Amino acid sequence: MTSTHALASGKRSDAAVPGFNASPALAASLQAVLVDLIELHLQAKQAHWNVVGRNFRDLHLQLDEIVDVARDASDTIAERLRALHATADGRSDTVAAGTTLPAFPTGEQDTARVVDLVVNRLRAAVATLRGVHDGVDAEDPTSADLLHGIIEGLEKQAWMVGAENASS
């Protein structure tokens with residue numbers, strides 16, 4: 001079967017899609033990152049909708065920045081999985097079953113508490129990224145480079161949001 005015929009028939013062959021193929025371990029590591037990033041952007045949006053109290057507006061806007069960072073990063077990882085001929089699974093049941101982030105509380109949350117909750121979740125997502133980093137780097141330095149950028153962005157957000165509750 002030729003590559004053109006394979007694509008026309010809807011069946012993909014390795015010859016039809018040349019390039020690097022992720023091992024099961026690499027795909028699982030990137031999937032774990034994807035799940036936590038999706039959960040992070042969902043939880044940051046939950047916090048955004050339900051935060052109340054002092055300095056509300058600034059935190060409300062900061063939470064949307066975190067949503068954007070996490071959403072962009074999840075898209076980057078999902079597209080990297082696809083570039084490596086692996087599948088990305090962002091379905092809600094997959095995310096709920098696989099995330100390392102603790103559940104976000106329901107109802108309105110005070111700004112000071114939201115800061116602590118969100119910083120905790122940013123750190124949990126970073127822990128996942130750092131936890132898979134060395135294995136990813138050993139197999140695919142390009143994917144590890146993506147992880148570096150995401151770690152930097154999430155750690156910056158944790159610092160900026162965490163400063164809300166910091167004292168000198």
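Predicted model: local features only at pLDDT ≥ 70, side-chain atom pairs only at ≥ 80, totals over all residues.
Which residues does Leu 147 touch, not counting residues up to four places away in sequence? I looked it up: Leu 30, Val 33, Ile 77, Leu 129, Val 132, His 133 and Val 136. Contact here means heavy atoms within 4.5 Å.

Residues are numbered from 1 along each chain as its sequence is written, and side-chain values use heavy atoms, with hydrogens and water left out.

**The core.** I went on to the largest nonpolar core and found 46 residues in it. Such a core is a set of buried Ala, Val, Leu, Ile, Met, Phe, Trp, Tyr and Cys residues joined through side-chain atoms within 4.5 Å. Buried means under 20% relative accessible area, exposed over 50%, and partly exposed in between (1.4 Å probe, protein chains only). Leu 63, Ile 77, Leu 147 and Leu 154 have the most contacts inside this core. Helices H2 (24-50), H3 (56-83), H5 (111-139) and H6 (141-162) each give two or more residues to it. H5 gives the most, with 12 residues. Helices (H or I, at least four residues) and strands (E, at least two) are DSSP runs, numbered from the N terminus.

**H2 against H5.** I checked how these two pack and got an angle of about 165°, with the axes 9 Å apart. Axes are lines fitted to C-alpha atoms, for helices over the stretch in contact, and angles run from 0 to 180 degrees between N-to-C directions. So H2 is roughly antiparallel to H5, a label for angles over 145 degrees. Among the H2 residues that meet H5 I noted Leu 26, Asp 36 and Leu 40; on the H5 side they include Val 118, Arg 121 and Leu 129.

**Histidines.** His 41 is in helix H2. I found it buried, at 11% relative accessible area. Leaving aside neighbours within four places in sequence, His 41 is in contact with Val 67, Ala 70, Arg 71 and Ser 74. His 148, in helix H6, is partly exposed at 39%. I also looked at His 148 and His 133: they are 15 residues apart along the chain, with C-alpha atoms separated by 8.5 Å.

**Positive phi.** Asn 55 has a phi of about 65° although it is not a glycine. I placed Asn 55 in the loop between strand S1 (51-52) and H3. His 85 also has a positive phi, near 65°, and lies in the loop between H3 and helix H4 (92-98).

Terms used:
Parallel < 35°, antiparallel > 145°, perpendicular 65-115°, else oblique.
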